[in-house]
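Colleague: I am new to reading protein models, and I would like to learn how one goes from a picture to a careful description. Could you take me through a few features, one after another?

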Amino acid sequence: MASQATLTPGETSPAAPPAAPSTARRGPAGSLLRLFVSRREATIFVVAVAIIVYFAARTSEFYSYANIVTIVQYMAPIAVIGVGEVFLLTLGEIDLSAGQIFLVSPWIVVWLQQAGLPIGWAITVSLLCCLAIGAINGLITVLLNVPSFVTTLGTYFSLLGLVLIVSNDAQADMPGTTGTFGQIFGISSWSEIGWALLIVVALHIVLKRTRFGMHVTATGGNYLGAAEAGIPVRRVKVWSFMILAFGAGFIGLLDSIRIQSLDPASPGTTVMFSAVSAAVIGGTSLLGGRGTIIGATIGAIVLGVLEDGFNLIGVSANEFTLVTGLVILVAMAINVQLSRVGARMRT
Amino acid sequence: MTAIDEAAGTTPVLQTEGITKRFGAVVALRGVDIQLRSGEVLGLVGDNGAGKSTFVKIVCGFQRPDSGRILIDGREVHLHSVKDARAHGIEAVYHDLALVPQLSVYQNLFLNREVTTLGRLGWLSTRKMRAQAQAYLDDIKVSIPNIEAEAETLSGGQRQAIAVARATRQNAKILLLDEPLAAMGAKESALIIDLVKDLAANRGVSILVIDHNYTHLFELCDRVNVFQQGRVTFDRRVEDTSLEELTELMVSEYRRQVMAGHRELGDEVTAP
């Protein structure tokens, strides 16, 4: 429908090749293709169903109650941090320190308790610290014009070092979290996933249904245009860093309350990379402007099921790591192809 | 036509007097006087470096003049920023810059002017925005098949139309359009020409158009001003001039510059 000559230079959209024919495909195959193009989550959804069916067929243990609890507890932090990363990826940014914030928040609680603060206060202050770390990430990125990749790499190492120094390299127990409070915040089997789902739904609504979410998309999709329209683009970025940091710190608390012990040497990169992977295989573009919370959540399910399923059928963790890598590559390739098809279908 | 004739006696919507601007040793503007009347489409032509872009940047508040006055509705204004200019109803529209490709047509129309409920929570009233967007586009006779479509799926002409629509919906009274028909097919051009004419004639929007393409100018404008060496040297209504006259004007300017260049070169050679 559009004249091809209208593609202007400097355009941010993935431009179709100039002579691309218009491919208005018909029939069931065409509408299926259109579904996959317009709903990026569709691909990862099919993948998720496929691997769940596969593992369920391979071993009956897979859908036992205990195993499902294992899966959801594994995926909860990935989902929460993953949907937080969706905000940043949509803005064209990334936070490499999120996994370390996830680990540092229970340490802060431990230190404050040792200093004599009651648990409630320790947790509150710890969450405020997480917000502050997010604010620092954001402010350095927008005020000093440092790429967030670099900013958060710095924060990552700083936090890792801080934990090693203050903990004196010794493990610690997560203290004083018993009773109903402990049950709600981590100990109950369904507590972590429950909170995770709450956060996921809340952030989905924020991204798709509120002014702030629309400004996130606008800022990531067309930074100059959004700024020209008067959107406070830098504030939008700082808030997004803070949302992710808060989510990561909160789910970190729940996770440590469940596990009850803290290891200063464990790096936060594992959960961070899993979270970014979940976001990316879920269909969020690294180039900004396009993010899907639902996709990231299904991405987290895929990673959780893969890890657990391989465990059950006796494949080692090493092979799991290799498979995760291949899944990411395949998912990315499919997504890039789909956006190319999408660009062609539109012209 | 009649709109201009009626307006001829009245105060111009936008008037500049003796606008000058220099960048170091380079004098960009040497006293620009223009008058833009309500509902008028005024074309600015001129060679590269004649000063039209600098002039437009000053009018939209992006740069400040060294001297001269800008009057809106006869009252002098000082435009310190793009925001200032916008507050006075002046808005530059760049179709390749204005829209967010990943947002839908109606979301782009309401960008940063979203209709929300629940106060600070900023809950988007999607249905209201959709209805208002459709109503407004119908009102200014811009037909977009689907206002839910993402902006990047639109043609260049449609994007331009949406960008213009957003500006006027947000009460812009003076639009600055930079080559609005550039790289557009006939159908696309027609869409923009109709929109510009309709906005000017029926809504009293005044429009400044910069273009290198005279054919486009004759299609779009009521009047043209020619910029030469930082001044407006020619001011005619389109029906009182012709493509040939404008072309001749520019060619003679080009010849004059070449001659001047030779003379300068000659001077340098003879004076060691």
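Predicted model: local features only at pLDDT ≥ 70, side-chain atom pairs only at ≥ 80, totals over all residues.

Colleague: Which are the buried residues of α9(A), and what do they pack against?

Modeller: The buried residues are A:Gly213, A:Met214, A:His215, A:Val216, A:Thr217, A:Ala218, A:Thr219, A:Gly220 and A:Gly221. They pack against α3 (65-90), α8 (191-209), α10 (223-228) and α11 of chain A, together with α5 (105-109) and β8 (123-124) of chain B.

Colleague: How should I read a pair of aromatic rings?

Modeller: A pair of aromatic rings is described by the distance of the centres and the angle of the planes. Over all chains, the count comes to 10 aromatic pairs. For A:Phe55 and A:Phe62, the ring centres are 6.1 Å apart and the planes lie at 25°, so the pair is stacked, as planes under 30 degrees apart count as stacked. Both A:Phe55 and A:Phe62 are buried. In contrast, the rings of A:Phe185 and A:Phe250 have centres 6.4 Å apart and planes at 90°, so that pair is edge-to-face. This second pair links distant parts of the chain, with A:Phe185 in helix α7 (residues 179-187) and A:Phe250 in helix α11 (residues 233-259) of chain A, 65 residues apart.

Colleague: Why does A:Phe250 count as buried?

Modeller: Buried means under 20% relative accessible area, and A:Phe250 counts as buried because its relative accessibility is 12%. B:Thr54, which is found in helix α2 (residues 52-59) of chain B, is likewise buried, with a relative accessible area of 14%. Leaving aside its neighbours within four places in sequence, B:Thr54 is in contact with B:Lys21, B:Phe23, B:Ala28, B:Leu29 and B:Gln63.

Colleague: Which residues form a nonpolar patch on the surface?

Modeller: An α-helix has 3.6 residues a turn, so residues three or four places apart point the same way. Here A:Ile136, A:Leu139, A:Ile140, A:Leu143 and A:Leu144 form a nonpolar patch on the surface, with about 460 Å² of accessible area together. One of these residues, A:Ile140, is found in helix α5 (residues 119-143) of chain A, and at 32% relative accessibility A:Ile140 counts as partly exposed.

Key. Residues numbered from 1 in each chain as written. Chains lettered and ligands numbered in written order. Heavy atoms only, no water. Patch = residues over 30% accessible without salt bridge, like charges linked within 9 Å, V, L, I, M, F, W, Y side chains within 5 Å. Areas by Shrake-Rupley, 256 points an atom, 1.4 Å probe, with all protein chains shown as cover. Salt bridge = Lys/Arg side-chain N within 4 Å of Asp/Glu carboxyl O. Helix = DSSP H or I, 4+ residues; strand = E, 2+ residues; numbered from the N terminus. Buried < 20%, exposed > 50% of the residue type's maximum accessible area, 1.4 Å probe, protein only. Phe/Tyr/Trp six-rings, centres within 6.5 Å; stacked < 30°, edge-to-face > 60°. Contact = heavy atoms within 4.5 Å.
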